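Subject: Structure handover and findings

Dear colleague,

Please find the structure below, followed by an account of what was found in it. I would be grateful if you could read the two side by side.

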Amino acid sequence: MTFQPKNLLIIGGGPCGLITLRNCLYRGTFTKVQLVERHDDVGGIWYQSHAPDRRSQWSTPAYPGLIGNVIPEFLSFSEYPFPTPPREYQPFPTSAETNAYLKEFACPFIENGHIRLSLEVIGVEEVVDGRWTVRMKDWNKGGVVLEETWDAVVITTVWFDNPHFPNVPGLQDLQKQQSNKVRHAINWTGPHGDYEGKRVLVIGNANSANEMAAQLAPVAQTPIYRSTRRISVFPSLPDIRIQDIGPVSRYTTDDNDKIAAHIQDGTSIENIDIVLFGTGYYPHVPYLRVLCPDPDPQTCAHTLVPLTSRTTVPTRIPSLYNQILYAYNPTLAFIGAPTSFIPFILADLTSTWLSLTWSGLILIPPTPEARLAYEQGRLRTLAEQRSESENPSDLINFHFLGRYEMEYARSLREDIVSVSEGLDGVLAKWDVEQDERRFAMYAKKMESLRASRD
């Protein structure tokens, strides 16, 4: 079965949105393709905005001086290589270098009008005829609301507006009563003065938590406590100023408004000034409404309902075929829903697959029920994975494919090459050699951390 929309709107001007725009324009057969971005420039999380109005409230996980964890090979869009950083000891690009690459990539699309900036999407609603109504605030005109109708919509703003906090007793009360003392990596801008001499507890041991703890060590009161559930697989240097402790089971406060973290092993860390969470993000698109797949039995009318929710279990964008297409109406797509250690080239692959599918070249199952079989299979696999451990990692989730990523990517790549042989020599190979180079990045990151320290 084919769905062949002609007019497409892409929401989000980060890496996923930009590569989707390029691939739909050059690899698809569409009449009109546009991208809207709420900031006054492209880059997504890699762009540091200085806009004076409401846009300054949009936080980003990237901060000034950030050095990434991915080498240029895996930051390169097909047919557009990422420049090699000019540092012998540091092969990992900075956030500024990554943003510069994205801005240069986007420049011709801004100039020819395919990208519209300072447009904040506040509503996407499915229409009975299968199209989509999109409402946007135009910050070029002070926030006036525009409304447009599109044949198809691609959403690339899935994760990084939604900081995840673990469900721990006492945390919600703490957030309400002392919100300035409970912080998340999404708002991290560095170890500035308000951390100086403070007793800090960092939650998590993935990249963000590890980097924040390392940056706090010379500034905050030591030791910096880092609460972890398991040994980290993410590169970080040992530091005697950072003390690892177990998971927090409960938070309380004393009469002086200091925080106490009660650890699962029965110990407590008291007199904490700030708890800083590096606990990731969850997928959610709060502005999206779809028609309820099951009409009201009395009136046969469809009502608009949210597709995503913070309470969806397991956490995910539900009802997706191949982690890309909305099963009940495949003119809605998501690029960037699956999380990956190499997201740029995965987005290149998935958006190429999407452009060929919407061009009628790649066939998809003919019914919603058949398209939902992918989700059902993925849920079974996820349940099996989580049952293998009494304390499963948060990385074992619906959208993080982990050891199944290669199989997933190869399947999409085979679909693409079967209808467009010329792309075989263009797209990343997704073979064993590529995976070995990806895995070798962790050793390179450790080497670069040591070089930076020394």
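On one side of helix α7, Arg380, Glu384 and Ser387 are exposed, where exposed means over 50% relative accessible area, buried under 20% and partly exposed in between, with a 1.4 Å probe and protein chains only. Helices (H or I, at least four residues) and strands (E, at least two) are DSSP runs, numbered from the N terminus. This is a predicted model, in which local features need pLDDT of at least 70 and side-chain atom pairs count only at pLDDT 80 or more, while totals for chains, interfaces and linings use all residues. Residues are numbered from 1 along each chain as its sequence is written, and side-chain values use heavy atoms, with hydrogens and water left out.

Opposite those exposed positions of α7, the residues Glu375, Arg378, Leu382 and Gln385 are buried. Seen down the helix axis, the buried residues of α7 fall within an arc of 85° (taken from the directions from the axis to the C-beta atoms), so they line one face of the helix. Strand β18 (320–321) is included in what covers them, contact meaning heavy atoms within 4.5 Å.

Helix α5 (343–358) has 16 residues and reaches 22 Å from its first C-alpha to its last, close to the expected 22 Å. Because 15 of its 16 residues are buried, α5 is largely enclosed by the rest of the structure. Just after α5, Gly360 takes a positive phi of about 85°.

The second largest pocket has a volume of about 620 Å³. Among its 25 lining residues, Glu211, Ala214, Gln215, Leu237 and Leu449 are the closest to its centre. Helices α4 (207–216) and α9 (432–453) each supply at least two residues of the lining. A pocket here is an open set of points on a 1 Å grid over the protein atoms alone, where a 1.4 Å probe fits, with protein on both sides within 12 Å along at least five of seven lines; lining residues have an atom within 4 Å of a point. The volume is the space filled by probe spheres set on the points, which are joined across faces, edges and corners.

Finally, Glu125 lies in strand β4 (119–126) and, at 26% relative accessibility, counts as partly exposed. Leaving aside residues up to four places away in sequence, Glu125 touches Arg131, Trp132, Thr133, Arg135, Arg289 and Leu304.

Yours sincerely

Methods:
Expected span 1.5 Å × (residues − 1).
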